[in-house]
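Please examine the model shown here before reading on.

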Amino acid sequence: MKRMIAWLMLMVTISSVANGFWLSLPTLAQEQATPESVETAFNNRLWLPIVANATNVDTSDLVVSDLVVSDLIALDADLATVLSSQLATQQTSVIVIFKDQLNVKTIGGGNRKDRRKNLVKALRKKADDTQGNLRARLAVWQAQGEVQSFTPLWILNGFALTATNAVIKKMAAAPEVARIVLDITLQGPPAQTATEPSPEQNLNIINAPALWNLGFRGQGVVVATMDTGVDATHPDLAPRWRGGVNSWYDPYGQHATPTDLSGHGTWTTGIMVGGSSGGTAIGVAPQAQWIAVKIFNDKGTATVSAIHQGYQWLLDPDGNPATADAPDIVNNSWTFSAPGCNLTFQPDLQALLAAEIIPVFAAGNYGPAAPSDVSPANNPEAFAVGAIDNSSAIYAYSSLGATNCGRSAAVVYPALVAPGVNVTTAGLFNSYALDSGTSFAAPHVAGALALLLSAFPELTVTQQETILSTTAVDLGPSGPDNMYGAGRLDVLSAYNALVSTINPPTSTPMDTLTSTNTPVSLTSTPTDTLTPTNTPMPTDTPTADLTLLPTDTPTTIPTNTAVPPTATATATSTNPPTPTATPVPPTATPTNTPLPATSTKTPTKTPIPPTPTKTPTKTPIPPTPTKTPLPPPATPTPMPDVIFVDSFEAGNFDAWTTTGGTTSRISVTTAARQAGAYGLQATISSGASGYVIKSLPNTETSYHARFYFHPNGATLNATAQDIFVGLNASNQVVFRVQLRFSSSNYQLRSVVTSSAGTTNSNWYTVSNAYHPVEIAWQAGTSAAYSLYIDGSLKETVTKLNTSAYTIKTVWLGPSAGLSGSPGKEYFDNFVSKRTSYIGP
């Protein structure tokens with residue numbers, strides 16, 4: 001009997017094993033006699049969503065009915081809060097990140113091309129090996145209507161997913177998932193307006209023309225831009241687009257070819273690679289090629305998932321790892337909307353570095369508060385660039401360090417600085433734009449790296465970062481500091497330092513793009529004027545942040561009209577002040593006579609006629625240029641744009657003229673800070689509070705003001721509460737920003753006074769968090785008044801007769817409508833300007 005029982009048990013075991021073996025084999029959907037369950041699909045490890053009849057699939061075994069949000073540790077805290085307040089059937093966009101991540105630093109190869117190919121293959125394989133189970137589940141749920149869309153991401157091994165909250169909770173319970181975060185939206189820059197071009201002093205300041213004279217103009221190098229797109233029809237950019245299906249990517253699918261509705265991406269690309277069709281050279285590396293990712297959609301916003309997809313595309317633009325079509329440099333003139341540490345894109349940046357692609361970032365426009373570093377620029381993998389003007393003075397709003405984001409100890413921030421004030425570059429519709437911000441400093445560095453890579457193609461990312469930092473012109477306190485970083489970018493010094501250790505190849509320029517803004521030719525006999533000319537512009541006026549608009553009234557800037565060559569084709573130079581830039585016409589017999597060396601230190605600017613040969617004669621390497629500070633502007637200083645700035649970092653409100661209301665109820669506290677150490681706290685009690693007053697405006701006829709506001713959970717009612725007010729010299733209210741609590745939401749609006757009375761904007765809902773709020777006001781018989789929230793234009797009221805008003809005083813803080821509104825409200829980072837948009 002015992003033997004019989006043993007044999008029976010053995011037969012049952014063999015049968016079970018055999019049955020399990022057959023069930024574990026992959027099956028085709030059309031071969032299934034009955035609909036398979038999702039669990040079976042998991043066991044079969046289906047790769048593609050092949051399902052015979054998904055509507056009949058039994059998913060009851062996957063219901064997570066006994067789970068609450070707090071149990072799902074994979075959920076990000078912000079996402080958990082969102083899900084807890086919504087129905088299970090509501091759909092939310094998220095990023096799902098897997099636990100099993102590739103260590104990109106372990107991927108090697110014999111050269112850069114091999115390393116990039118191996119990296120892409122390894123990342124794709126990791127995704128293939130780990131995502132199959134959840135792809136199968138998502139395919140079933142998509143067929144049932146519970147998943148709107150999902151996009152596999154191999155750059156960070158995860159998904160971009162839009163699904164019901166019930167599905168998201170089920171995903172959070174999956175053992176493969178490390179975390180799930182909201183797919184948040186970033187605000188892009190507003191559209192540009194065109195202004196006239198001016199001489200490009202910024203290129204001389206970084207010594208780019210000296211590399212051109214040596215034959216290195218970026219040839220053979222590809223730069224990428226992650227921005228609002230690029231206007232590929234601009235004559236300064238069209239010849240340099242690489243072209244083809246692997247040179248443009250729009251993750252939103254709105255445009256099949258390069259397009260830019262904003263202008264910001266066109267600006268930054270023009271600084272990197274622009275030509276000289278307008279009469280002066282605008283691009284640092286005019287023979288490099290560009291490709292682009294349009295991370296901001298036509299509405300001016302970007303999602304985290306689209307940015308992930310953009311970085312993923314850059315690693316392998318044509319989808320074939322065996323082809324070498326990835327860029328060498330990626331310029332990122334964008335940031336998150338507030339200072340702080342956010343490592344969302346760290347895996348993407350790590351993958352770029354592993355592929356020897358350097359990510360250059362604008363440091364941000366959140367100064368002068370310190371620290372005001374912002375992500376992703378402050379991530380350890382990013383190379384952050386601050387902004388200076390053409391006299392090497394720091395741009396007023398350039399973000400400052402130090403930063404410890406993603407690090408065990410604080411480091412200097414930014415890495416270095418480059419020109420970013422009153423920079424002329426390509427604009428929309430064949431125009432030229434003049435504007436300021438770290439957005440325009442970063443592409444100087446990207447272009448400079450293109451010059452160096454055209455001379456030294458095998459430079460590693462580490463070598464590139466090191467050489468720029470160690471050869472920068474020291475500014476400010478001796479040594480690296482948290483305002484200028486290592487100092488001002490100097491690409492000629494970087495080249496000279498590399499020459500001593502690396503033998504550069506003979507330059508082979510591409511199609512000749514002769515610049516009309518080239519400094520004195522270098523000779524083999526060093527003289528005092530071997531330094532490329534650095535003629536300063538008039539006083540630079542700080543303008544906008546990442547989301548920049550050019551100033552409404554262009555600064556008067558003298559420009560250089562190049563004298564046409566004479567019959568003997570000998571180039572001469574004049575510098576008369578003139579409001580336009582005249583291109584140099586070609587001559588019948590062009591030659592290139594270099595200006596002889598001279599001991600005078602008068603800055604000059606020599607146009608170069610077209611060169612008939614394509615291989616320039618190699619000129620002996622000049623010594624490192626002197627570090628003589630640039631002379632001050634010779635022209636009268638225009639009225640400054642900035643009126644008043646205060647981020648309350650002094651720990652008090654002494655920078656303001658006075659206070660109003662109940663002064664004892666306002667204070668500067670750490671709790672109220674938006675960035676830096678302090679912010680303004682206004683306590684409302686018994687229908688009263690206080691506010692700060694600034695009387696610095698000088699009867700302004702054009703006025704912009706931006707401040708950060710946080711309702712901080714204050715108990716409000718539907719009564720409109722004044723939180724920012726502008727008055728004329730007679731204390732008449734000209735405009736005001738108001739707050740209320742209605743329909744369970746905090747709401748903001750603006751009110752403007754004209755000859756017809758007061759005009760109200762709509763109410764706009766804001767969350768219980770800090771928000772940048774900006775107003776733009778003008779005096780005139782047909783003027784406009786605009787309200788911006790979170791860097792987005794909410795409403796413009798036009799055709800107002802405000803000619804009878806000027807701005808003399810502003811109040812910041814709750815000043816009216818306070819009955820029944822106890823609580824504490826926060827304010828920070830106040831900026832006022834005369835003419836130009838400020839931004840978040």
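Predicted model: local features only at pLDDT ≥ 70, side-chain atom pairs only at ≥ 80, totals over all residues.

Q: What percentage of the residues of the protein count as buried?
A: The protein contains 13 helices and 31 strands. Of its 840 residues, the share that counts as buried is 56%.

Q: Among contacts between residues at least 6 apart in sequence, what percentage join residues at least 24 apart?
A: The contacts considered are those between residues at least 6 apart in sequence. Within that set, the share joining residues at least 24 apart is 75%.

Q: Are helices α9 and α10 roughly parallel or roughly antiparallel?
A: The axes of α9 (residues 304-315) and α10 (residues 346-354) come within 10 Å and cross at roughly 10 degrees. Angles under 35 degrees count as roughly parallel. Therefore α9 and α10 are roughly parallel.

Q: Which residues of α10 make the contact with α9?
A: By class, the contact of α9 with α10 has 5 nonpolar, 1 polar and 1 charged residues. Helix α9 contributes His308, Tyr311 and Leu315. From α10 come Asp348, Leu349, Ala351 and Leu352.

Q: Which residues lie closest to the centre of the largest pocket?
A: The largest pocket holds about 1,200 Å³ of space. Of the 43 residues that line this pocket, the closest to its centre are Ile184, Thr185, Phe336, Ser337 and Asn342.

Q: How many residues of the lining of the largest pocket are charged?
A: The elements that give two or more residues to this lining are β4, β5, α9, β26 and β27. By class, the lining has 22 nonpolar and 15 polar residues, and the number of charged residues is 6.

Definitions and conventions:
Residues numbered from 1 in each chain as written. Heavy atoms only, no water. Axes fitted to C-alpha atoms, helices over the stretch in contact; angles between N-to-C directions. Helix = DSSP H or I, 4+ residues; strand = E, 2+ residues; numbered from the N terminus. Parallel < 35°, antiparallel > 145°, perpendicular 65-115°, else oblique. Contact = heavy atoms within 4.5 Å. Nonpolar A, V, L, I, M, F, W, Y, C, P; charged D, E, K, R; others polar. 1 Å grid on protein atoms, 1.4 Å probe; cavity = no way out; pocket = protein on both sides within 12 Å on 5 of 7 lines; lining within 4 Å. Points joined across faces, edges and corners; volume = space filled by probe spheres on them. Buried < 20%, exposed > 50% of the residue type's maximum accessible area, 1.4 Å probe, protein only.
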